[in-house]
Amino acid sequence: MKKNWTLLMITTAGTLIATGCATNKTKATAAVPAPAVDYTAPVTVTGTDTFETAQAAVDHIVTGWNLGNTLDSTGNASSDLAAETSWGNPLTTKEMITAVKNAGFNAVRLPVTWQDHMNSKGNVRSAWMKRVHEVVDYCISQDMYCIVNVHHDRWVCADQNMYNKNVEKFHTLWTEIATEFRDYDEHLLFESTNETLDAQMNWGGTTPENFEIINKWNQVFVNTVRSTGGNNYCRNLVPMTYAGSSETNVMEAFTLPADVVSNHLIVEVHNYDPQGFCWTDASWTKMTNVWDEAEYGAGLIKTFDRM
């Protein structure tokens, strides 16, 4: 079922880590009361639309590079800044991003995990925000696109109780991120979440109720960013489907968020096909570094046509 959306499909080679829920899967949990504030309610924001459209941004992003396993690392790092290298990758430098640009890439997706860098009130600690800001500047200063997201934050979940419990925290987080970068130009994009799953970590789909929770997270994301004003009034924003999937059942359950400005939303899905080229061995394929256009190209075209 095709829908008239601006679409960004990320095909990637790398480690796939689920953004599931930090919930107890074996015990029933008591219902969490609905939040006092409905963050999905329409917002009133005014501004001047000076940015390129979502379609223009997608057209201008020729080839993108994902700075993974770095600012999205999780675990028991000794400090906020130590987290960046805790999964074994080197410290990100401007020279590194320059090398990426010189290799022909004009966009950097910057996955960021925030949950380990927030105080008890849900505010991002200044050292971490400063570091994220610094890496964003490595990209923007070189006329590259940069996409910042909320990545392995496991409290963002396709689950009603987790939504009720954490939506205010999500609103606070995106308010801080958006305010930090409010004056940046159209080369900076925000992505809502990453491959968010339900409490059972189902990749193939979920219940209609849980699909609707994804739509709610995305609506809160758009409302929150727009409400910070400045250039965020017309910044291109990137909501994601359940699990980042492009399967028909997921796409049909996805609702594009309502927006105060037209033509500035980009739907993101992820694609790891062909698996042997992008990821790892499987029962039906072996890893290869040789691109077979007849087979692989046709498969990707079929995926786009299905969407």
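Q: Which residues are linked in a network of salt bridges?
A: Glu84, Arg131 and Glu134. A salt bridge here is a side-chain nitrogen of Lys or Arg within 4 Å of a carboxyl oxygen of Asp or Glu. The model is predicted, so local features need pLDDT of at least 70 and side-chain atom pairs pLDDT 80 or more, while totals for chains, interfaces and linings use all residues. Side-chain values use heavy atoms, without hydrogens or water, and residues are numbered from 1 along each chain as its sequence is written.

Q: How many salt bridges in the whole structure?
A: The search finds 6.

Q: What does Arg109 pair with at 2.8 Å?
A: Glu191, N to O. Glu191 sits in strand β5 (188-191) and Arg109 in strand β3, so the pair ties together parts 82 residues apart in sequence. Strands are DSSP runs of E, at least two residues; helices are runs of H or I, at least four; both are numbered from the N terminus.

Q: And Glu268, what does that bridge to?
A: Arg109 again, with the closest N and O atoms 3.6 Å apart. Glu268 is in strand β7 (267-271), 159 residues from Arg109.

Q: Is Arg109 buried or exposed?
A: Buried, at 8% relative accessibility. Buried means under 20% relative accessible area, exposed over 50%, partly exposed in between (1.4 Å probe, protein chains only). Glu191 is at 0%, and Glu268 is at 0%.

Q: New topic. What does Arg125 bridge to?
A: Asp80, with the closest N and O atoms 2.8 Å apart. Arg125 is in the β3-α3 loop and Asp80 in the β2-α2 loop, so the pair ties together parts 45 residues apart in sequence.

Q: How exposed is Arg125?
A: Partly, at 33%. Asp80 is buried, at 14%.
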